[in-house]
Amino acid sequence: MTRTVLHDLLELGQQIWLDSLSRDLLDGGQLARLLEAGVSGITTNPAIFENAIAKSPAYRGEVEALRRCDLAPWERLERLTFADVRRACDLLLPLWQESGGERGYVSLEVDPELAPDAAGTIAAARRVHAAIERPNLLVKIPGTAAGAQALETLVAEGINVNVTLLFSRTQYRRVAEAYRRGLEQRQAAGRPLAAVFGVASLFLSRLDTAVDALLAERAPEHPEWQGKTAVAFAKLAYQDFLRHFGEDALGSLRRAGAWAQRPLWASTSTKNPAYPDLLYVEPLVGPETVNTLPEATLTALFDHGQARGATILEEVDAAQAHWAQLARLDIDPEAIGEALQQQGLAQFEAAQRRLLALLA
């Protein structure tokens, strides 16, 4: 096996996942090669599947056949996407087994329109978990208030969850607390804690895009302040992670075999071409973290990325100072995070509707 920078990052405690899944990746052997190169997991979402199914010839025959079946569009969509996810789970299963359940996961989203409905999210997650029937599946649910309620129940039941669309520290803390409560419920019921794995997906580049626009208006004389908010958010959120899941914080739960809910850096392709292509990668390396990368960013990491230590622990004071500077400019990252979460949900809902229309 050829050693890559991904293996170096893994030694520092960070997993690199691929933020993409398609028949082309599965059929052509590319995904298998990426696993050999050190990729440890896969994330998907409705927009990823929309792009794959709409553009790839690999789906056309099955799409046409499904249109002739007496099925609802959502059932046709699940036939397509569930098949891809099962194949990916099977491909990553040896990694999941070798790592003792620490790596080798594939994420699949529940219907994003369920975001405000805790009971509906729980029911959908249970159904997806049972339908995929793979131990290395992560069911993705949005990190809304209702999603946090659902998370607590699902963790207690032993369902692996990727909480997605987190754009603020308040949102992150809410799901971290829910995950811990779920573990405590599970422990109280005498159920094994090591059977549960989870991540919390914090979205980065969209936060910079939103805040940079305000900085350009309110502090045009300081262009150097732009492109700093998302990395600062991640560094401060990691401090929150340590408070929730560090050795002292998780204590008896860790000793009983519990996994910490790992921060996962998402939306990691830079939207501003003036920024370094690894802006949301190299500064955010640390123990018990995951970074999920689209193919272009992963290619850049292979090409010129470096693993130079636990960078997530560096310049935390500078991150706090940046946060304070935003407050002085009347820029509220928490309010922006709420708006971005709603925008993200709307984008996923739109992608889901387009997918259903494609299969109608």
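I count a contact when heavy atoms lie within 4.5 Å. This is a predicted model, so I take local features at pLDDT of at least 70 and side-chain atom pairs at pLDDT 80 or more, while totals for chains, interfaces and linings use all residues. Numbering runs from 1 along each chain as its sequence is written, and side-chain values use heavy atoms, with hydrogens and water left out.

**Core**

I started with Val-85. Setting aside residues up to four places away in sequence, Val-85 touches Leu-21, Phe-49, Val-106, Leu-108, Ile-132 and Leu-137. For "buried" I use under 20% relative accessible area, with exposed over 50% and partly exposed in between (1.4 Å probe, protein chains only). That core has 114 residues, and Val-85, Ile-141, Leu-151, Tyr-172 and Leu-301 touch the most other members. Helix α11 gives the most to this core, ten residues. As background, nonpolar side chains tend to be buried together in soluble globular proteins.

Next, Leu-108. I find Leu-108 in strand β3; helices (H or I, at least four residues) and strands (E, at least two) are DSSP runs, numbered from the N terminus. Leu-108 is buried at 5% relative accessibility. Beyond residues up to four places away in sequence, the contacts of Leu-108 include Thr-44, Phe-82, Val-128 and Lys-140. I also checked Thr-81 against Leu-108: they are 27 residues apart in sequence, and 8.7 Å separates their C-alpha atoms.

**Salt bridges**

I count a salt bridge when a side-chain nitrogen of Lys or Arg is within 4 Å of a carboxyl oxygen of Asp or Glu. How many does the structure hold? The structure holds 20.

I looked at Lys-140 and Glu-109, whose closest N and O atoms are 3.6 Å apart in their salt bridge. Lys-140 is in strand β4 (residues 137-142) and Glu-109 in strand β3 (residues 105-109), so this pair ties together parts 31 residues apart in sequence. Both Lys-140 and Glu-109 are buried.

Arg-169 pairs with Asp-240 in a salt bridge, closest N and O atoms 2.9 Å apart. Since Arg-169 lies in helix α9 (residues 169-188) and Asp-240 in helix α11 (residues 229-245), the pair ties together parts 71 residues apart in sequence. I note that Arg-169 and Asp-240 are both buried.

Arg-254 forms a salt bridge with Glu-288, again with closest N and O atoms 2.9 Å apart. Arg-254 is buried at 18% relative accessible area. Back to Arg-169: salt bridges with shared partners join Arg-169, Arg-173, Asp-240 and Arg-243 into one network.

**Helix α8**

Helix α8 (residues 145-157) has 13 residues and spans 19 Å from first C-alpha to last, close to the expected 18 Å. I take the expected span as 1.5 Å times one less than the number of residues. Among the buried residues of α8 are Ala-146, Leu-151, Glu-152 and Val-155. What covers the buried residues of α8 includes α7 (118-132), β4, β5 (161-166) and α9. Just after α8, Gly-158 takes a positive phi of about 90°.

**Gln-14**

Is Gln-14 buried or exposed? At 0% relative accessibility, Gln-14 is buried, and Gln-14 lies in strand β1 (residues 14-18). Leaving aside neighbours within four places in sequence, the contacts of Gln-14 include Leu-9, Trp-265, Gly-286 and Asn-291. The Gln-14 side chain reaches the backbone oxygen of Leu-284 at 2.8 Å.

How values were computed: Polar contact = N/O pair within 3.5 Å; in protein donor to acceptor, adjacent residues only side chain to side chain. Core = buried A, V, L, I, M, F, W, Y, C linked by side-chain atoms within 4.5 Å.
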